[in-house]
Amino acid sequence: MTSTETRENLNSPGRAATDASNPAAPEGAPVMLALHQTALGGPEVLQLTEVPRPAPGPGQILVAVHAAGLNPTDFKHRALSILLPPPPLTLGWDVSGTVVETGFGVTLFRPGDAVFGMLPYPYGAGSHAEYVAGPARAFAAKPAGIDHIQAAALPLAALTAWQALVETAGLRAGQRVLIHAAAGGVGHLAVQIAKERGAHVTGTASAPKHDFLRELGADVCIDHRSEDFTDTKERYDVVLDALGGETATRSVSVLCPGGVLVSLLPGDQDTQAAAEKAQVRAVTMLVEHDQAGMRAIAELVDRGSLRPHVSSTFPLAEGARAHALGETGRTTGKLVITVR
């Protein structure tokens, strides 16, 4: 959807041009449309709103957003006051687009460059808009072989998988890894990264998604609805857990001595005690923006070793629908919001 088309939808039901919690820009100052909220709640709190367009500060770039990925953390922060201050706010950490302007001191990019990246998590949110400003070193050159929609699906999820498997767990060729929720946003990229590292990969997902996982390279698939992943003699060097809670604690039992459990959500109170008893390492990881990681991901894409699966796209004006679909927990791969 073009900027003009988006503005034509601005005054449709459920959308607001301005609101008291988001004062209009000074007369003559540049503005943009954003998927904005002034209260916590369900998808209905998201409204297409005209807000001031940001300007890049020192070390920052201003990006015209072509597409922005959607992640479970967007749903959680829309509904609950977790890590971000209370509304008003614009969510979104994934972005792919074109550099419009560079701030003082930026040497890596010039206007017109195609870039993709993850804004600093959690406080750098704002990519669900026509423009976003962020640190130049949160971005990398967009791989030429994929479009902006595919590129926007990668940053947060791929960085999470990379930082969990490669940097935190030190996954090596020949090791065995169990990936929970393997068909999800992080999971389906983690499967590909683990295979590229030469690991043997087991993934959990519902049975209808097993063919998808095998196409990604998974060696073994477990139906989480009908099978108990702990009911096996298999032992893993690494477990990547996107579910947390008791899944994290139960995952300790399938690790080899010296193995590593990397959880993306906190486990229950027994996780650390179980890990110490089993002589394994259990950590909870929060993804960080990282240009070196983005470049590594871009290299994997260029080599054909990593491809995101985009299950659905939604124009910016229909971002609330994207949130509603994402919260069902039944999507495969990623959802992406298109802007240009």
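**A guided reading of the predicted model**

Six bridges join strand β1 to strand β2 (residues 47–52), and the two run antiparallel; helices (H or I, at least four residues) and strands (E, at least two) are DSSP runs, numbered from the N terminus. The structure is a predicted model, in which local features need pLDDT of at least 70 and side-chain atom pairs count only at pLDDT 80 or more, while totals for chains, interfaces and linings use all residues. Residues are numbered from 1 along each chain as its sequence is written, and side-chain values use heavy atoms, with hydrogens and water left out.

Buried means under 20% relative accessible area, exposed over 50%, and partly exposed in between (1.4 Å probe, protein chains only).

Helix α2 (residues 72–79) has Thr 73, Asp 74, Phe 75, His 77 and Arg 78 buried. The elements covering these buried residues include β1 (31–37), β3 (60–70), α4 and α10 (319–326), contact being heavy atoms within 4.5 Å. In the loop between α2 and β4 lies Pro 88, which is joined to Pro 87 by a cis peptide bond with omega of about 15°.

A further sheet is open and consists of six strands in the order β11-β10-β9-β12-β13-β14, with parallel pairing. β11 (220–223) and β14 (281–284) stand at its edges with a single partner strand each, so one side of each lacks a neighbour in the sheet. On average, neighbouring strands of this sheet are turned by 15° against each other, direction ignored. Within the sheet, three bridges join β9 (residues 176–179) to β12 (residues 236–241), and Ile 179 stands opposite Leu 240 in β12.

Helix α5 (residues 185–196) lies across β9, β10 (200–205) and β12, and runs at about 170° to β9. Axes are lines fitted to C-alpha atoms, for helices over the stretch in contact, and angles run from 0 to 180 degrees between N-to-C directions. The axes of α4 and α5 come within 8 Å and cross at roughly 50°. That makes α4 oblique to α5, since angles under 35 degrees count as roughly parallel, over 145 as roughly antiparallel, 65 to 115 as roughly perpendicular and the rest as oblique. Residues of α4 that take part in the contact include Trp 162 and Leu 165, and those of α5 include Leu 189 and Ile 193.

In soluble globular proteins, nonpolar side chains tend to be buried together. A nonpolar core is a set of buried Ala, Val, Leu, Ile, Met, Phe, Trp, Tyr and Cys residues joined through side-chain atoms within 4.5 Å. The largest such core has 69 residues, of which Ile 61, Phe 139, Leu 154, Leu 165, Val 177, Leu 213 and Leu 240 touch the most other members. Helix α4 (residues 155–168) gives the most to this core, with nine residues. Apart from it lies another core, of 13 residues, among them Val 239 and Leu 255.

Methods:
Two strands pair if DSSP finds at least two bridges between them.
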